[in-house]
Amino acid sequence: PYYLAARRAPLIGVVVAGRLVCVAHSARRTSRACELGIATRTEARRQGYALAATRLWSARVAAKGLLPLYSAFAANAPSLALAAAAGYRAFARAAYVLA
């Protein structure tokens, strides 16, 4: 139900040998932008599936006249590498302090 909600569109799935291995969706949406949510099964990582899904999701969002956004924690090097490979560039950094 989470992925199939209209606000998650566009929803991009990568299926290999009949099995869903990666999914890209709109994790957050405003009237002007969508933020990518991406999940890849552990055994399917580093095979280009997330990159392909990210690029297609980004193109679909842009085609709707919306700004595609990618966010990741600074410590998540694989996610930051995916963002860079897909053509995203850093425009802001944030720090959170837990009280």
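What percentage of the 99 residues of the protein count as buried? The share is 31%, where buried means under 20% relative accessible area, exposed means over 50%, and partly exposed covers the values in between, with a 1.4 Å probe and protein chains only. The model is a predicted one, in which local features need pLDDT of at least 70 and side-chain atom pairs count only at pLDDT 80 or more, while totals for chains, interfaces and linings use all residues. Residues are numbered from 1 along each chain as its sequence is written, and side-chain values use heavy atoms, with hydrogens and water left out.

The overall architecture comes first. The protein contains two helices and four strands, and along the sequence these follow the pattern β-β-β-α-β-α. Helices (H or I, at least four residues) and strands (E, at least two) are DSSP runs, numbered from the N terminus. The C-alpha atoms fill a box of roughly 45 × 30 × 30 Å along the principal axes. Among the contacts with a separation of 6 or more, 39% are between residues 24 or more positions apart, a contact being heavy atoms within 4.5 Å. The protein exposes about 7,000 Å², of which carbon and sulfur atoms supply 59%; accessible areas come from the Shrake-Rupley method with a 1.4 Å probe, and for residues only the protein chains shown count as cover.

The segment before β1 holds several features. Tyr2 is placed there, and Tyr2 and Tyr3 form an edge-to-face aromatic pair, 5.1 Å centre to centre with 85 degrees between the planes. Rings of Phe, Tyr and Trp (its six-membered ring) pair if their centres lie within 6.5 Å; planes under 30 degrees apart count as stacked, over 60 as edge-to-face and the rest as tilted. Tyr2 is partly exposed, at 40% relative accessible area, and Tyr3 is likewise partly exposed, at 35%. Tyr2, Tyr3, Leu4 and Leu11 also form a nonpolar patch on the surface, with about 410 Å² of accessible area together. Such patches are made of residues with over 30% relative accessible area and no salt bridge, like charges being joined within 9 Å and nonpolar side chains (Val, Leu, Ile, Met, Phe, Trp, Tyr) within 5 Å.

Backbone geometry also deserves attention. Most residues other than glycine have a negative phi, and most peptide bonds are trans. Ala9 and Pro10, however, are joined by a cis peptide bond with an omega of about -5 degrees, and Pro10 is in the segment before β1 (12-16). Ala17 has a positive phi of about 50 degrees; this residue is found in the loop between β1 and β2 (19-29) and is exposed, at 85% relative accessible area. Arg46 has a positive phi of about 65 degrees, lies in the loop between β3 (33-40) and α1 (49-63), and is exposed, at 86%.

Charged side chains provide further links. Side chains of opposite charge can pair when their charged atoms come close. The structure holds three salt bridges, each defined as a side-chain nitrogen of Lys or Arg within 4 Å of a carboxyl oxygen of Asp or Glu. In one of them, the closest N and O atoms of Arg19 and Glu43 are 3.4 Å apart. This pair links distant parts of the chain, since Arg19 is in strand β2 and Glu43 in the loop between β3 and α1, 24 residues apart. Arg41 forms a salt bridge with Glu43 as well, at 2.7 Å, and Arg19, Arg41 and Glu43 are linked in a network of salt bridges.

Glu35, in strand β3, forms a salt bridge with Arg28, at 2.8 Å between the closest N and O atoms. Glu35 is buried, at 14% relative accessibility, whereas Arg28 is exposed, at 54%. Leaving aside neighbours within four places in sequence, the contacts of Glu35 include His25, Trp57 and Leu69.

A further aromatic pair involves the region around α2. The rings of Tyr70 and Tyr88 have their centres 5.5 Å apart and their planes at 50 degrees, so the pair is tilted. Tyr70 lies in the loop between β4 (67-69) and α2 (77-85) and Tyr88 in the segment after α2, so the pair ties together parts 18 residues apart in sequence. Both Tyr70 and Tyr88 are buried.
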